[in-house]
Amino acid sequence: MWDQILEDAPRFFGPWNLLFLGEALVNTLLLSYIGAALGFMIGFGLAIGRHPRLYGILPVRLAATAYVEVFRRIPFLVKLMCVFFAFQLSGTQATLFTVALVTVVLSAAAFAAEIARAGIEAVPAPQWDAAEAMNFSRWRVLTRVVAPQSWRVVLPPLFGYAVGFIKSTSIASQIGVMELTYAAKILNTRGFSALLCFGTILVLYFLICWPTKRIGERLEARLGRRAKA
Amino acid sequence: MAFLSIHGLTVSYGGKADVLRDVSLEVERGEVIGLIGPSGSGKSTILRTLVGLLKPRAGTVTLDGTKVDYGSRGSLRAARDRFAIVFQQYNLFQNMTALRNVAIAPTLVKKRGRATVEEEARALLARVGLAEKVNAYPDELSGGQQQRVAIARALALKPDILLLDEITAALDPELVGEVLDTIRALQKDGMTMLIVSHEMAFIREVASRVAFLDQGSVVETGPPAEMFDRPNSPRLKEFTSRILRH
Ligand SMILES: Nc1ncnc2c1ncn2[C@@H]1O[C@H](COP(=O)(O)OP(=O)(O)O)[C@@H](O)[C@H]1O
Ligand SMILES: [Mg+2]
């Protein structure tokens, strides 16, 4: 087997394949990072819009809660199909990449909203009382008092999910999005050994996930230190 | 009308039974009012309602001739601008140093210059005996020290009326005197205060009037000497005898 791989390797890592894998890698990165970044922002917005002591007005709270509860429970592949058909039904021309990106954003938003809610809840009510009694605006209660004390609770699961989303993007290969997993399948059908194809993307996934996890740990250490609790 | 006039105040927590029933109280400028009563009688609730942390179900609060509308953001904001509260559990911001706790509201909310505010904050912390603790976080301070930071934080707001909720309850006996000295000095300066306390000797000394609360109602009000020496109601009689025996 190793002989086979060693023989295949020069051809596998030829310029055309490297370009092909490079493009797939960029797509996976874009799906993961843009998707998670947008999703987390929307998710934080949902958590803030949902909170009765922040901006929560009832219709917004109900809508946000419904969204979060539903989207956290649907498997990624099902969400992907829903978005795919939603685009088709609306007659909007969307690339497969856009479909996958929207799906990642929608998932990430639902998870981030729930994580942020738990983070906000972890800050005891007396902290709010003190800030409100001193006339802090809601935005300032959030940014100066609540958020700094929430990071400690929010960051570990958030980065846990971020790593999860990187892995979820591989499911986008099911609808033919040109990302790492799809690229591996294609190369495999072109006759390269499965071990080489999937071994290569395995290493690439690891190279994306590991630094993400590390960034999470560093942020946690930094923000956690500033926000003593 | 009195500087602060509370009339018929009725408050409940989230639709449950009323914890304050028809509470009325008049406070003149420069006056110190002692609020006494058994645990759970609603003393903290009065202070929390005044700063708008609870919305009264009925009754009015009039501050310096203006009725406070707790349903209106603007009116609430104006009222909060004139009150400062020291909570029973201090409620210091856990993510800020002592100095920042004291300086944040004046800079952020009152929009005063940071340098002057911090200078004042240091002076206030020195006044409550915490000059060396300006850079300590709340979790690095003892209960008594946190309480004193909370007092400095309230004073930094330069309030018209100071609300103090059992501020000596968590203090070591040797610190009680220090904190009470601070309050005495404030009284001499003419600060209007509502003080919830079980330090009867102290209340007797600084308060011009005392209100005795029981089960959410003001049972009796009067000058401290009269209240403590010649209580009218049986409930106050029982309360004072119980607390003075301790
Ligand atoms: N957050 C709350 N939710 C429901 N009930 C409360 C809450 N806080 C206080 N209470 C009730 O309100 C009553 C008055 O409490 P409080 O004002 O704290 O009394 P005091 O300060 O005189 O000890 C008590 O019966 C207490 O159980
Ligand atoms: Mg109390």
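**Magnesium site**

I looked up Ser44(B) to start, and at 22% relative accessibility it counts as partly exposed. The scale I used calls a residue buried under 20% relative accessible area, exposed over 50% and partly exposed in between, with a 1.4 Å probe and protein chains only.

Before going on, I noted that this is a predicted model, where local features need pLDDT of at least 70, side-chain atom pairs count only at pLDDT 80 or more, and totals for chains, interfaces and linings use all residues. Residues are numbered from 1 along each chain as its sequence is written, chains are lettered from A and ligands numbered from 1 in the order in which they are written, and side-chain values use heavy atoms, with hydrogens and water left out.

Which atoms coordinate the magnesium ion (ligand 2)? I found OG of Ser44(B) and OE1 of Gln88(B), at 2.0 to 2.6 Å. Ser44(B) sits in helix 1 (residues 43-50) of chain B and Gln88(B) in the loop between strand 6 and helix 3 (98-108) of chain B, so the pair links parts of the chain 44 residues apart. Helices here are DSSP runs of H or I with at least four residues, strands are runs of E with at least two, and both are numbered from the N terminus. Gln88(B) is also partly exposed, with a relative accessible area of 29%. Donors are N, O and S atoms within 2.8 Å of the metal (3.2 Å for Na, K and Ca), and water is not among the atoms, so sites may look incomplete.

**Sheets in chain B**

I then traced an open sheet of 6 strands in chain B, with the order 6-7-8-3-9-10 and mixed pairing. Strand 6 (83-86) and strand 10 (217-222) of chain B are at the edges with a single partner strand each, so one side of each has no neighbour in the sheet. Two strands pair if DSSP finds at least two bridges between them. Strand 3 (residues 32-36) and strand 9 (residues 209-214) of chain B run parallel over 4 bridges, and Ile33(B) stands opposite Arg209(B) there.

Elsewhere, strand 1 (residues 4-12) and strand 4 (residues 58-63) of chain B pair antiparallel over 5 bridges, with Thr62(B) as the bridge partner of Ser5(B). Thr62(B) also has Lys67(B) as its partner in strand 5 of chain B. Strands 4 and 5 of chain B form a hairpin with 2 residues between them, and Asp64(B) in the turn has a positive phi of about 50 degrees.

**Salt bridges in chain A**

Glu114(A) meets Arg50(A) at 3.5 Å, N to O. Glu114(A) is in helix 5 (residues 96-121) of chain A and Arg50(A) in helix 2 of chain A, so the pair ties together parts 64 residues apart in sequence.

Is Glu114(A) buried or exposed? Glu114(A) is buried, with a relative accessible area of 15%, and Arg50(A) is buried too.

Arg72(A) bridges to Glu114(A) at 3.8 Å and to Glu69(A) at 3.4 Å. Arg72(A) and Glu69(A) lie 3 residues apart in helix 3 (residues 58-73) of chain A, about one turn of the helix. I logged a network of salt bridges that includes Arg50(A), Glu69(A), Arg72(A) and Glu114(A).

Technical notes
Salt bridge = Lys/Arg side-chain N within 4 Å of Asp/Glu carboxyl O.
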